[in-house]
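Thanks for making time this morning. I would like to walk through one contact between two chains and then one stretch of surface, so please keep the model open while I talk.

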Amino acid sequence: MLSRIVRTVANQLVLFVLVFGLYLIMHGHDSPGGGFQGGAVVASGAVMLLVAFGSGQIIKWLTVRRLVTVACCGALVFIVLALGGTGTSFFHNFLLGTPVFGGVPTPGPGHGHVWSGGIIPLMEIAIGFTVMAGLSAVVLAMARFSGGEEIEE
Amino acid sequence: MDFLTTHAPALIVALPLLAAFAIPLVSRAGHSARSIFSLAVLGATASLVAILAVDVYSTGIRVYTFGATLPEMALPAGYTVPVRIMFQVDGMSMFMGIVITTVALAAMLYSLQFLKGQSGQPRFYSLMMLLYVGMMGLAFTGDMFNMFVFLELASIAGTGLAAYRTGMADAVEGGFKYIVISAVSALMVLFAIGLLYSQYNVLSIAALAHYMEYSMLDMMALGLLAGAFVMKLAGVPLHMWAPDTYTVAPAGTTPMILAASYTSMYALYRVTFTLYGGHIDTAAIGWIVIIVGVLSMFIGVMMAVHQTDIKRMMAYHAISQGGYMLLGVGVGLAVLADPVALASYGRDAINGGVFHIINHVFYKALLFMTAEAIFFRIGTRDTNKMGGLARNMKWTTLFYGIGALAISGIPPFNGFASKLLIYQTVLNFSPVLSAIAMFVSLVTLASFAKVFYAAFTGPEMPAYREVREVPRSMLIGMGILAACVVFFGLFPGLIVDTIVAPATEALINQTGYIDAVMGAVP
Amino acid sequence: MEQVLLNFPFVAAVLLMGIALYIIVFKRNLIKLVMGVAILSSAINLFLVSLGYRVGGVAPIYTDVPEGPMVLPVPQALTLTNIVIGVAVLALMLTLVVHIYRHTGDIDAEKSRILKG
Amino acid sequence: MSLLEYGYAVWAPLVWILALVVVGVIVLILRNRGRKSYKKGTAQGDIFLSGIAVPAEEQRHVKAANIYWGFFEALKGFYKGMMRPHTGIVNDYILWFVAVLTVTVLILLLTS
């Protein structure tokens with residue numbers, strides 16, 4: 001556990017890190033960013049908490065088991081979405097033109113259009129959850145591991 | 001049924017991938033739920049492979065484009081280059097698919113009992129599924145970049161499996177060596193892909209082969225790709241990682257990692273035949289493959305006789321047998337530009353090399369499993385400490401005998417059929433190489449006889465008086481493979497005609513592969 | 001002169017590859033070896049991104065674009081994929097190095113080796 | 001179906017097995033013509049080492065390391081040379097890889 005200054009700053013900063021990460025995930029399909037980048041940013045927030053508070057505090061509620069569950073669910077959603085288009089072909093964008101994320105952005109100058117992209121934004125969100133949980137789990141497991149504990153799921 | 005046939009290429013990869021991420025959740029419901037779930041998914045995938053195989057062997061090459069309005073539509077309307085990710089399944093891909101699926105089924109059955117009571121089992125089954133996905137994707141993909149991605153996927157999953165027993169120092173070391181050589185060679189593959197992309201701005205293998213100009217950069221890329229794949233398939237002198245990794249991987253996974261090596265061999269053939277096989281003289285790359293093959297055969301077997309660890313010896317034999325495949329196909333590659341030689345012996349040489357892949361994977365998987373069965377019961381892999389095991393492990397002894405006779409090329413087992421093809425065709429190309437191949441078979445027999453004598457025969461050791469036969473599920477896994485070995489030995493003509501000849505045809509027929517995608521482009 | 005500047009990233013990528021291979025081959029410390037693999041991965045990423053660059057190009061996003069050429073999106077996708085894979089490989093390697101250290105008490109490639117011959 | 005035909009020869013496993021069965025029958029007939037005085041489980045089956053006491057099982061068994069002793073003794077120099085590249089150090093594996101890559105690329109560039 002680090003000094004009070006670090007802990008306070010980390011406490012305040014983690015919110016902004018979270019918001020920025022989620023922003024990157026949400027806008028992955030119409031601007032730079034995406035599931036992996038956003039998820040990595042959120043996981044870096046977890047690393048910050050880990051450094052500031054030490055692994056003892058975090059492990060109480062952020063267990064590897066829970067993180068693995070989230071990561072697996074995200075990956076499952078991704079594949080199920082890909083399978084959803086199998087009526088025409090695997091990975092077919094079946095949501096395009098429907099009310100759910102169905103818009104088509106006009107190419108050329110103009111602002112991004114969040115309500116577009118069909119299954120792609122949904123996949124980005126699923127990937128985002130997988131990556132944030134997966135990377136946090138890796139860091140957490142390594143932190144506990146270097147402390148000499150064995151990891152059990 | 002129609003739906004399944006159409007979407008089989010994608011589903012074969014998607015189903016195990018889905019299972020890989022579902023297994024950690026399913027396994028919370030208990031051991032048997034997870035076992036049944038894994039087996040059911042693998043069984044369903046195997047039946048999809050069978051459906052796809054029937055389709056591919058009757059109608060020819062299949063193209064599956066991801067996300068397109070029609071899976072067969074390789075080129076979007078108005079485009080002259082493929083832009084979407086696609087799978088291209090021809091005879092050779094299907095052949096690899098059959099090999100991998102059979103091995104995966106046997107390995108899974110074998111592992112069910114083997115793992116009982118060990119920790120971290122959800123990870124084990126997830127990694128098995130991921131390794132299967134990586135190998136199948138590598139065999140099916142029609143895209144250079146996806147080749148890299150699936151190669152890395154297979155490497156990561158393979159490492160996880162090789163280092164599964166993290167409590168053992170040697171297991172961790174073997175896994176680490178595997179991931180280092182995999183990462184470096186895969187990065188070289190990516191570098192070569194970058195070189196190719198910089199010139200043609202496409203990634204599809206068919207489109208690349210269509211536009212290929214055989215410039216300096218192309219030849220450099222070929223060198224990088226060939227070197228990297230030889231590293232992954234453990235050809236001498238890049239073989240040193242293989243004994244380390246194969247030795248430490250737990251039971252059922254060693255055959256899977258072995259199959260992953262042969263998927264890299266498939267990638268080597270795909271690159272040399274399909275990507276570069278068109279208009280240049282392939283003699284140079286053919287001779288490189290032949291030299292690597294002969295070195296692998298000779299050094300692999302000489303090192304194997306010397307080993308005391310039973311799995312390490314088998315790993316060196318795997319390198320040595322890999323040399324036979326490279327020799328057979330290398331001869332075909334060297335005469336690819338010469339139609340007369342190709343028709344008279346080149347095609348049969350490739351047949352032999354390809355046939356040896358499936359034969360070798362089966363009997364080597366069987367041998368690895370018997371070695372691990374011994375380890376399971378007596379807790380050591382050192383042949384110096386074994387003796388008289390045949391008295392209590394009758395089935396294991398029988399399976400070891402079948403595997404040993406098959407690998408030494410003793411008729412009527414399957415090893416003899418493919419080795420005969422290789423000897424006789426290579427004799428036409430160069431008698432010296434054929435003589436070396438026969439000598440290597442002799443030493444192989446000698447080394448397996450040594451282990452058979454030391455481990456299974458002899459007086460009953462007091463320490464092993466209480467040793468029992470391994471559990472039934474392990475015996476079933478070995479039994480399936482032993483039955484395949486005997487069947488393939490008795491009916492080699494059937495196997496060669498139905499699955500090996502289409503694979504050879506697919507390798508030689510470069511225009512067919514290109515036209516399946518680029519047919520409409522002038 | 002402009003030609004030289006345009007080729008500069010490729011020279012840098014090749015230099016980085018040389019450095020990385022030097023580290024991987026000659027440094028016996030396993031952590032340094034892992035660093036070498038990371039540098040090799042970065043070198044290839046740099047090479048791929050430079051391939052897609054076009055003079056005066058903008059980011060390949062279909063909204064909010066000014067007139068003019070775009071850089072190629074495909075090499076960027078390749079780079080991104082390689083970064084993702086690289087993260088997984090690095091994490092795996094480091095985990096195994098930690099394990100090796102715990103078992104043998106050493107991270108020297110020669111001293112911590114058990115399997116040979 | 002069982003025939004493996006290629007170019008200039010044929011391999012027929014079933015015929016080979018038939019031949020094996022015929023040879024096996026002949027061998028059995030010859031074997032049965034031998035002496036029949038051997039009885040299992042009597043003193044005839046005991047180990048006899050010129051009157052020396054029979055050693056324990058561990059000493060009686062020929063260990064793997066002792067098999068082909070002469071072969072390894074004759075090829076000592078070869079195996080010494082073989083052990084030198086097989087160091088087991090992961091850096092050396094990559095060194096070999098880089099060397100092979102260089103040679104392959106050079107050969108392909110020079111021949112094309």
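Between chain C and chain B there are 4 residue pairs in polar contact, both residues at pLDDT 80 or more, where a polar contact is a pair of N or O atoms within 3.5 Å, one able to donate a hydrogen and the other to accept it, and residues adjacent in sequence count only if both atoms are side-chain atoms. On the chain C side that touches chain B, α1 (2-26), α2 (30-52) and α3 (73-104) each supply at least two residues, and α3(C) gives the most, with 15 residues; helices here are DSSP runs of H or I, at least four residues, numbered from the N terminus.

This is a predicted model, in which local features need pLDDT of at least 70, side-chain atom pairs count only at pLDDT 80 or more, and totals for chains, interfaces and linings use all residues. Residues are numbered from 1 along each chain as its sequence is written, chains are lettered from A and ligands numbered from 1 in the order in which they are written, and side-chain values use heavy atoms, with hydrogens and water left out.

How much area do chain C and chain B bury between them? The value is about 3,000 Å², 84% of it on carbon and sulfur atoms, buried area being the accessible area (1.4 Å probe) that two parts lose on being put together, summed over both. The contact, meaning heavy atoms within 4.5 Å, takes 35 residues from chain C and 38 residues from chain B.
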